[in-house]
Amino acid sequence: MSAQGTREPIGVIGTGYVGLVTAAGFAALGSDVFCVDIDAEKIRGLEEGRIPIWEPGLAELIAEHRERLHFSTELAPALEHARLRFVAVGTPPTYSGDADLSAVHAVVEAMPASDRHALVMKSTVPVGTGEAIERVFAAQGKGFRYVSCPEFLKEGSAVKDFLEPDRVVIGDAGDWAGDAVEELYAPLDAPVVRTDVKSAEMVKLASNAFLATKISFINEIANVCEETGADVVEVARGMGLDDRIGPKFLQAGIGFGGSCFPKDVTALKQLAGNSGYHFQLLNSVIEVNELQKRRVISKIQKHLGSLVGKEIALLGLAFKPNTDDMREASSLVLSSRLQGAGARVRAYDPVAEDEARKLMRGVEFADSAADAVAGADAVILVTEWPEFRELDLVAVAGAMRGRLLVDGRNFFDPQAVRAAGLAYEAIGRPSLNGEG
Ligand code: NAD
């Protein structure tokens, strides 16, 4: 996509998943985009055309609009030409579960005084952050406008999500800054929710908490299906056709991960607690998710008994397909629990190995799914990468030492697994013993 004419130049501070996609997206719409990051290595790489993350279509979009993208580690000169400064720095959880806003505060501190500029918050922040930042600006006499513009993109389809958003949420005081952000998004023709800053901040947290609740809900239904003999895939199909419920986020599995859901759910819980409200439902959402990651271990023990000395292959490591993001991935819990129980873990992921190596200990990394499963006593499908659809299950069964396939994402056809001679354990579906 390319836009005609001159569009408002913007600054983007933080060139991670959100910042880089936002920058590339607005460059595609015709803006000059001045990107700043404190990570000098990342900026050097971007200048030389190296894209630090694996995200479908992003490298191509950046290459196509390279002449409008400017990269720097220096805030002031880079942002000289942009009155709208989008902030997309990380807001990871602290030990308490509150959002760590130190990177946001560092950006706020570094902003030069100006009443012609606006800070547009893309990072996910607690409700009240905008108000607190406006107080800081006022105390420092900086006169900045503040706009909350939370980001809803999903890793794995981030470029598409930027270009075809379900909605654009803009929280502001109703002046030129919000109008300018709305104008930037206008070519995307998406519904715009123009509201106050606090409500915009809450839309983001509430949306993620709702989606996480839906996942924990269907995971609990899956666990009851296991007790009662129902099949959660059939149950979800029947539920999802009710348009008050809808089919999305009704896939039972081994829990949600990633850089957003776990942290945002916990941050909302803490935010509520800090304001004196006990958000009981979210406690359960978090607890169900933690237990869900661990239930796989007992499924394996049911077949193999003690895991001491057993070889377990993990297929997929990223927190979901089409990304190399390993933050809070279920594979992290699984691999350490398996090793804790005495098993040896071999793993294969099509793109996340480099990230996984930074976070996993004691795991042997395989170059292919075939290498990972060779000699394994059990195989666990952790991430439903499309390439695993092509797996020759008969060959997998032939290469393994044992006979157990645990389908952590209800991804395989149970009868095909059974026909290949493998025992099949899934999430909320009847167990099957292999034929032959
Ligand atoms: P990320 O960790 O991938 O990227 C953050 C970037 O900010 C890094 O490159 C880091 O070097 C840079 N940075 C940190 N401090 C800086 C500073 N003072 N000045 C300039 N750059 C600085 O994070 P992300 O996944 O892109 O997430 C960014 C924000 O967007 C978070 O608040 C997150 O919750 C939110 N969000 C993320 C997603 C997602 O899917 N990743 C989706 C929606 C919203």
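About 2100 Å² of area is buried between domain 1 and domain 2, and carbon and sulfur atoms give 57% of this area. On the side of domain 1, the residues that lose the most area to domain 2 are Trp54, Val127 and Glu155, which together account for 30% of what that side buries. The structure is a predicted model, and the values reported here are computed from it.

**The two domains**

The domain assignment of the protein places residues 10–195 in domain 1 and residues 199–436 in domain 2. Between the C-alpha centres of the two domains there is a separation of 32 Å. Contact between them involves 32 residues of domain 1 and 26 residues of domain 2.

Polar pairing also occurs across this interface: 11 residue pairs, with both residues at pLDDT 80 or more, are in polar contact. Helix H6 (129–139), strand E6 (145–148) and strand E7 (168–171) are the elements that give two or more residues to the side of domain 1 that touches domain 2. Of these elements, E7 gives the most, with three residues. Sorted by class, that side of domain 1 has 15 nonpolar, 11 polar and six charged residues.

**The ligand**

There are 28 residues around the ligand, and those that come nearest are Asp37, Lys42, Thr91, Glu155 and Lys263.

| Residue | Part of the residue | Ligand atom | Distance |
|---|---|---|---|
| Tyr17 | polar backbone atom | oxygen | 3.0 Å |
| Ser259 | polar side-chain atom | nitrogen | 3.5 Å |
| Arg327 | N or O atom in the side chain | oxygen | 3.0 Å |

**Salt bridges**

How many salt bridges does a search of the whole structure find? The search finds 28. One salt bridge is found across the interface of domain 1 and domain 2. The side chains of Arg327 and Glu155 also form a salt bridge, at 3.7 Å from N to O.

Another salt bridge joins the side chains of Arg295 and Glu226, at 2.7 Å from N to O. Arg295 lies in helix H12 (residues 280–304) and Glu226 in helix H9 (residues 197–228), so this pair ties together parts that are 69 residues apart in sequence.

Notes: Residues are numbered from 1 along each chain as its sequence is written. This is a predicted model: local features need pLDDT of at least 70, side-chain atom pairs count only at pLDDT 80 or more; totals for chains, interfaces and linings use all residues. Side-chain values use heavy atoms; hydrogens and water are left out. Domain bounds come from an automatic or database domain assignment. Contact means heavy atoms within 4.5 Å. Buried area is the accessible area (1.4 Å probe) that two parts lose on being put together, summed over both. A salt bridge is a side-chain nitrogen of Lys or Arg within 4 Å of a carboxyl oxygen of Asp or Glu. A polar contact is a pair of N or O atoms within 3.5 Å; within protein, one must be able to donate a hydrogen and the other to accept it, and residues adjacent in sequence count only if both atoms are side-chain atoms. Helices (H or I, at least four residues) and strands (E, at least two) are DSSP runs, numbered from the N terminus. Ala, Val, Leu, Ile, Met, Phe, Trp, Tyr, Cys and Pro count as nonpolar, Asp, Glu, Lys and Arg as charged, and the others, Gly among them, as polar. A residue is near a molecule or strand if one of its heavy atoms lies within 4 Å of it.
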